[in-house]
Amino acid sequence: MRDLVYYIATSADGFIADPGGGTGAFPHHPGTLTDLFERYPETCPAHLREALGVAGSPRRFDTVLMGYRTFEPARDAGLTSAYPHLREIVVTHRDLGPDTPVDVWSGDLDPQIRALKDEPGADIWLCGGADLAGQLIDHIDELQLKVNPLLLGDGLPLLVDPSRSSTGLPLRLVEATTLPGDVVLLTYRTPVADGKASR
């Protein structure tokens, strides 16, 4: 079974964006990007790969899952897909039109995410947003948090309206890595992953 990995940048006080949904306040140290894209070159959007010198093949993920607000900036920029090198799934009730080369999910997510995780292939990157992560918390195997040296004070939290089982959800820290720019990459495994390992 494939892992669902919530891999996302956050401020030190747990916000993934400012109150308006922007991430411009986050520091953008070039060394941080270099390190992160060496780890996971597939997480670099296609339109930035040449400019940033990212040429590597996917190392962990072959699928990216996101909510509409995460997908929207690429759409507004005229892109039909930010990650054409991955299977891209957008969770939304909106009609994205016939020319959008992404899979669209709506309705009950539980059977859809279970089926996706049961498919053969590499792991699944949950890249946002907070509302979708809250809905899928019972299916997330791993959280990889890129903790930035910044206090936003307010904004969009890491999870919005998480499901009942996330209250007091124990996480197991498996790695803490300091990256350039004083960003710390924290990797936590969840009881979902531990349950799979014990089968």
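**A walk through the fold**

Hello everyone! Let's start with aspartate 182, which is exposed, with a relative accessible area of 59%. (Exposed means over 50% relative accessible area, buried under 20% and partly exposed in between, using a 1.4 Å probe and protein chains only.) The model on the screen is predicted: local features need pLDDT of at least 70, side-chain atom pairs count only at pLDDT 80 or more, and totals for chains, interfaces and linings use all residues. Residues are numbered from 1 along each chain as its sequence is written, and side-chain values use heavy atoms, leaving out hydrogens and water.

Back to aspartate 182. You will find this residue in the loop between E9 and E10. Those labels are DSSP runs numbered from the N terminus: helices (H or I) of at least four residues, and strands (E) of at least two. What is the phi of aspartate 182 near? Near 60°, a positive value in a residue other than glycine. Most residues other than glycine have a negative phi, and most peptide bonds are trans. Glycine 129 sits in the loop between strand E6 (123-128) and helix H5 (130-135).

Now for the sheet. In what order do its strands run? Eight strands form an open sheet, in the order E5-E4-E3-E6-E1-E7-E10-E9, with mixed pairing. Strands pair here if DSSP finds at least two bridges between them. E5 and E9 each have a single partner strand and stand at the edges, so one side of each has no neighbour in the sheet. On average, neighbouring strands are turned by 20° against each other, direction ignored.

Let's zoom in on one pair. E1 and E7 run parallel, joined over seven bridges, and valine 5 has glutamate 142 in E7 as its bridge partner.

Two helices to point out next. H1 lies across E1, E7, E9 and E10, at about 135° to E9. H4 packs on the sheet too, touching E1, strand E3 (61-67), E4, E5 and E6, and its direction makes about 140° with that of E5. Those angles, from 0 to 180 degrees, are taken between N-to-C directions of axes fitted to C-alpha atoms, for helices over the stretch in contact.

Which residues of H1 (30-39) are buried? Thr32, Leu36 and Phe37 are. Seen down the helix axis, the buried residues fall within an arc of 120°, so they line one face of H1. (The arc is that of the directions from the axis to the C-beta atoms.) Their cover includes strand E1 (4-11), helix H2 (46-52) and strand E7 (142-148).

Serine 11 is buried, with a relative accessible area of 2%. Leaving aside neighbours within four places in sequence, serine 11 is in contact (heavy atoms within 4.5 Å) with Phe26, Val147, Asn148, Leu150 and Leu152.

Next, the nonpolar cores: sets of buried Ala, Val, Leu, Ile, Met, Phe, Trp, Tyr and Cys residues joined through side-chain atoms within 4.5 Å. The largest has 24 residues, and Leu4, Tyr6, Leu65, Trp105, Leu126 and Leu136 touch the most other members. E1, E4, H4, E6, H5 and E7 each give two or more residues to this core. A second, separate core of 21 residues includes Ala82, Leu86, Val90 and Val102.

Last topic: salt bridges, where a side-chain nitrogen of Lys or Arg is within 4 Å of a carboxyl oxygen of Asp or Glu. How many are there? The count comes to eleven. One of them joins arginine 189 and aspartate 3, with the closest N and O atoms 2.9 Å apart. This pair links distant parts of the chain, 186 residues apart: arginine 189 is in E10 and aspartate 3 in the segment before E1. Arginine 189 is buried at 16%, and aspartate 3 is buried at 11%.

Another salt bridge joins aspartate 141 and lysine 117, at 2.8 Å between the closest N and O atoms. Aspartate 141 is in the loop between H5 and E7 and lysine 117 in H4 (109-118), so this pair ties together parts 24 residues apart in sequence. Buried or exposed, aspartate 141? Buried, at 0% relative accessibility; lysine 117 is buried as well, at 4%.

To finish, find Arg2, Asp62, Arg87, Asp103 and Glu119 on the screen: salt bridges link them in a network.
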